[in-house]
Amino acid sequence: MNKSHYYRGLASLIAITTCMYTGITAADENNLTKQQLIREAEKFVLGQLDPESIKTIDVEAMPIDQRVEIPECTSTLTFSSSPEALSQSNVSVKAQCNNNDWYMFMVVKATETQPVVVISSAVSPGTLLTEDNIHIINMDKKRLRRSTFSDIEDVVGARIKRRVSAGRPVNPNNLCYVCKGDSVTISAGNPSMRVKTSGVALEDGRMGETIQVKNRRSNKKIYARVSSTGQVEIGI
């Protein structure tokens, strides 16, 4: 083979390889820049909504169109958003590079969540709640319209009064630790002496509520505080 042809061919191969490598690198770098931009926008929104890190907020920036080219920014990127935008679920954020007057608007979805005890599978009235039929998930606070529980221990041992489908939060108004017609143990006394007797609940009651019960021995109706499942207390 003629040496001149050989070297020209080798030079062409190197040039082609270099172009291919440069193209891939540029695409990768631009994609990396977009990912960094997304992370910085999410960090900005989180810092604005929860500067003390005391809330549970999930943030997710919407993907940047692949056709958008992010120019090199030799200064620090700045982010801004209006108070009105920060009050929305989809926060509009302006990303700006001051040294080349480049900017773009991004959307960051922000959701404040809280732990909620929910039903694992559909339950019917009278079902006893246990760790097998309830669990905890994080839910959007804006979707919650009533009081909920955040700790499984607060509901274990209670019974459901009305049917609940899977995935629904446990509603305090749909629980009774002592339900009307239940046999209960009535406890009375103080730390040094305590007397117990049997009775029947005349009302539904949640933990800590005072309900009316009837003493089976005397048939007297009294008011007692629900202390646990099937247990009520009266003070002396």
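Modeller: This is a predicted model. A search of the whole structure finds six salt bridges.

Colleague: Which residue does Arg159 form a salt bridge with?
Modeller: Arg159 pairs with Asp182, and the closest N and O atoms are 2.1 Å apart. The two sit 23 residues apart, with Arg159 in strand β6 and Asp182 in the loop between β7 (175–176) and β8 (183–190), so the pair links distant parts of the chain.

Colleague: Is Asp182 buried or exposed?
Modeller: Asp182 is buried, because its relative accessible area is 16% and the cut-off for buried is under 20%. Arg159 is partly exposed at 25%.

Colleague: And where are Glu112 and Lys141, the other pair that links distant parts of the chain?
Modeller: Their side chains meet in a salt bridge at 3.6 Å, N to O. Glu112 is in strand β4 (residues 102–119), and Lys141 is in the loop between β5 (134–140) and β6 (159–160). Glu112 has a relative accessibility of 28% and counts as partly exposed; Lys141 is also partly exposed, at 38%.

Colleague: What about Arg67?
Modeller: Arg67 forms a salt bridge with Asp65, 2.7 Å from N to O. Arg67 is exposed at 72% relative accessibility, while Asp65 is partly exposed at 34%.

Colleague: Switching to Glu42: which side chain of opposite charge is nearest?
Modeller: Arg39, at 7.1 Å. Glu42 is buried but has no salt bridge, because a salt bridge needs the nitrogen within 4 Å of the carboxyl oxygen.

Colleague: What does Glu42 touch, then?
Modeller: Leaving out residues up to four places away in sequence, Glu42 touches Val59, Glu60, Ala61 and Val108. A polar atom of the Glu42 side chain lies 2.9 Å from the backbone nitrogen of Ala61. Glu42 itself is in helix α1 (residues 3–49).

Colleague: Now the rings. How many aromatic pairs?
Modeller: Two in the whole structure. Phe44 and Phe79 have ring centres 6.1 Å apart and planes at 25 degrees, so that pair is stacked. Phe44 is in helix α1 and Phe79 in strand β2 (residues 78–80), 35 residues apart. Phe44 is buried at 16% relative accessibility, and Phe79 is buried at 15%.

Colleague: And the other pair?
Modeller: Tyr103 and Phe105, with centres 6.0 Å apart and planes at 85 degrees, so edge-to-face. Tyr103 is partly exposed at 46%, and Phe105 is exposed at 52%.

Colleague: Which residue lies over the face of Tyr103?
Modeller: Lys94, at 4.6 Å from the ring centre.

Definitions and conventions. Residues are numbered from 1 along each chain as its sequence is written. This is a predicted model: local features need pLDDT of at least 70, side-chain atom pairs count only at pLDDT 80 or more; totals for chains, interfaces and linings use all residues. Side-chain values use heavy atoms; hydrogens and water are left out. Helices (H or I, at least four residues) and strands (E, at least two) are DSSP runs, numbered from the N terminus. Buried means under 20% relative accessible area, exposed over 50%, partly exposed in between (1.4 Å probe, protein chains only). Lys and Arg count as positive and Asp and Glu as negative; His and the chain ends are not counted. A polar contact is a pair of N or O atoms within 3.5 Å; within protein, one must be able to donate a hydrogen and the other to accept it, and residues adjacent in sequence count only if both atoms are side-chain atoms. Contact means heavy atoms within 4.5 Å. Rings of Phe, Tyr and Trp (its six-membered ring) pair if their centres lie within 6.5 Å; planes under 30 degrees apart count as stacked, over 60 as edge-to-face and the rest as tilted. A charge sits over a ring if NZ of Lys or CZ of Arg is within 6 Å of the ring centre and within 35 degrees of the ring normal.
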